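Here is a set of questions on the model shown below. Each answer ends on the value or name asked for.

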Amino acid sequence: MYFFLAVIFLTFFTYHLNGQTADYTDLVAPSQDGIDYKIEWPETLTPEMKKRMESASMLLENKLRLPGSFGGLMKRVEKDKILLEKTLSSFGYYGCKVDFEIDLEQTPVLIRFTCVLGPVYTIEHMQLENRGKSPLPHLTVNLDDLVGLSRGDDLVAEHAQKSQVVLKKYFAQTGYPFAEIDEPEGIIDHKNHTVVLIFPVDLGSCAIIHDSEIEPTQNLKPDYIRNRLEWKNGDVYDTRVVERTRRYLSQTGLFDNVVVTPKPIEDQSLENTKEQPIIMHVKTTEAAPRAVAAGVHYATSQGGEARFSWNHYNLRGGGESLGASLRFSKIRNKARFFYNIPDFGAPKQTLKNEMYVLKEDTRAYRSEIFALSSKIERQFTDMFSGSVGLSTENGNIRPRTTDAKSPIRLLGVPFELGIDASNDLLNPTRGFRVNGNITPYTGHLGSSKGMLVGQASASVYIPFQTNSLDEDMGTLASFVRVGTIKIRNFNDLPPNKRFYGGGNGSVRGYGYQLISPIDQNRIPLGGESLLEFGGEIRYRFTETVGGVAFIEAGTVSQRKIAAFGRKLLWGTGFGIRYYTTYAPVRLDIAFPLQRRKIPGAKKPHDHPYQFYVSVGQAF
């Protein structure tokens, strides 16, 4: 009985639709499950607008719970009308008009939204509005350049919200970690279809670092962490310095997590001052001190290689690292041991000790070497480092050209300087690297009293596309590498110290050691000088999959300086990258652009392609 009374009441109910008052006297009673309906969005919506509206729609969100009355249905429709207006405004249509119609004669009930978009509103100008007690500091950059918007740009909500994030980041870099940047506001001019964009700002006082608080760890001495802090007491807070510190600590391998938090010091006497003293609280989560790793590498000209390693990152509580590694392949077997002592004599100064046994069987020579080295490495700044050391090599080597065993007795003093301004060790997408090393040797060198080996390299990474989270999706990468050896007699130069080009990390289109002068038996002779350069386009299609295309060139000469021109050998190719949280897995196929022939030979001695599987970018 109550059901029929409800139907009689609904037939006299008045609905307000499209701004008009309409009476429906022929309404059909809702089913036992509720009033079913379907939605028709305006045809003027772009796919992106429609997708965003559907993700927020009350009608769609509650579609499985049908309304039990027409009044309940109307509430959903009215809410979606407001949501559609907000959605269109977020795309710059601040003067849009949205209406709807409900066709009760259809089954299910049809809800049809209509809209008149009107023009896209543009930015008249932008300004910061101080909502705090302290005056706003002078911007060191133009506001338009800082937020990436300017007069006349379409005012899209996403762009304005991104500017809000940029402003907060900027102020955190200039001493205001507690700055509050509210959602952008606007003064709308419907006559001229423009908006004055306002960013409400409450900066608080400028944060000055008073002290640092290191949260105790179980196995690591606090001084190890303190010596790696990039800031000093009295510095103005800067998130870039904080991030450098966090990254530097993370790269030591001692921590699973590093969190740096600025904490204000409560002092009532400082309430009306322009400065806010803060404590930098550093909390770390220690990683397991020991680690075992294994990996594989493959190259057409070198075959497969298996790699195993064991490391202890904190042997005595001061970050001392002890480790061993093994490498097995067709052409190279190596056992390596090392022991590094950080903060040796001074903070950020490391004593590195290494010993290895190496057996090689390459195209150019066979060798058995035992080597020891010790060097002091100094991290001058976050990017700039240098080292000096002492090394000795002892063993035997057999050049393929003679197969006569020759002893090796060398003492070297290596010097190295490097700048690493890239953003990642194994997957750089922006920045640059420059490295140079020079090593004078003395020892068993035939008629020559000594030799000097020098090498320099540089690489540049330029992003050309980023996503909405400012992650680099496309990068142009390039490198150049040069080397030279000074020795009295080339024949006195041990084959394992000569330059050879080709293979992984070199010109990938040619096999290992094959960019080199060769004899009639296809044996690489090596050279005194090296020149290599190349570039590649890296593009990340998804979070885990990407691709590259590259071209490279190189030459090795028995002169002191490698020459450009006809002796350059060019290679090109492409590859696939599978991105993991550690590093990208790399698969490359490369082709030589010039396959060389030895006079009298029927076939070229350069393989038509080279294939590589490894971890990390090629350079």
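Q: Which residue of strand 22 stands opposite Ile419?
A: This is a predicted model, in which local features need pLDDT of at least 70, side-chain atom pairs count only at pLDDT 80 or more, and totals for chains, interfaces and linings use all residues. Residues are numbered from 1 along each chain as its sequence is written, and side-chain values use heavy atoms, with hydrogens and water left out. Strands are DSSP runs of E with at least two residues, and helices are runs of H or I with at least four, numbered from the N terminus. In strand 22, the residue opposite Ile419 is Val434.

Q: How many bridges pair strand 21 with strand 22?
A: Two strands pair if DSSP finds at least two bridges between them. Strand 21 covers residues 415-420, and its pairing with strand 22 is antiparallel. The number of bridges is six.

Q: What is the bridge partner of Leu411 in strand 22?
A: Strand 20 (residues 406-412) pairs with strand 22 (residues 431-443). The sense is antiparallel, over three bridges. The partner of Leu411 is Thr442.

Q: Which residue in the turn between strand 22 and strand 23 has a positive phi?
A: Strand 23 (residues 450-466) is antiparallel to strand 22, over 12 bridges. Ile438 stands opposite Gly454 of strand 23. The two strands form a hairpin with six residues between them. The positive phi, about 65 degrees, belongs to Gly446.

Q: In what order do the three strands of the open sheet lie?
A: The pairing in this sheet is mixed. Strand 10 (206-214) and strand 11 are at the edges; each has a single partner strand, so one side of each lacks a neighbour in the sheet. The order is 10-12-11.

Q: What angle does helix 8 make with strand 11?
A: Strand 11 and strand 12 run antiparallel, joined by nine bridges. Helix 8 packs on their sheet and touches both strands (contact means heavy atoms within 4.5 Å). Its direction and that of strand 11 make about 155 degrees.

Q: What reach does helix 4 have from its first C-alpha to its last?
A: Helix 4 (residues 70-90) has 21 residues. The expected span is 1.5 Å times one less than the number of residues. For helix 4, the expected span is 30 Å, and the actual reach is close to that, at 30 Å.

Q: Is Ser90 buried or exposed?
A: Ser90 lies in helix 4. Leaving aside neighbours within four places in sequence, Ser90 is in contact with Arg52, Val156, Ala157 and Glu158. The relative accessible area of Ser90 is 13%, so the residue is buried.

Key
Axes are lines fitted to C-alpha atoms, for helices over the stretch in contact, and angles run from 0 to 180 degrees between N-to-C directions. Buried means under 20% relative accessible area, exposed over 50%, partly exposed in between (1.4 Å probe, protein chains only).
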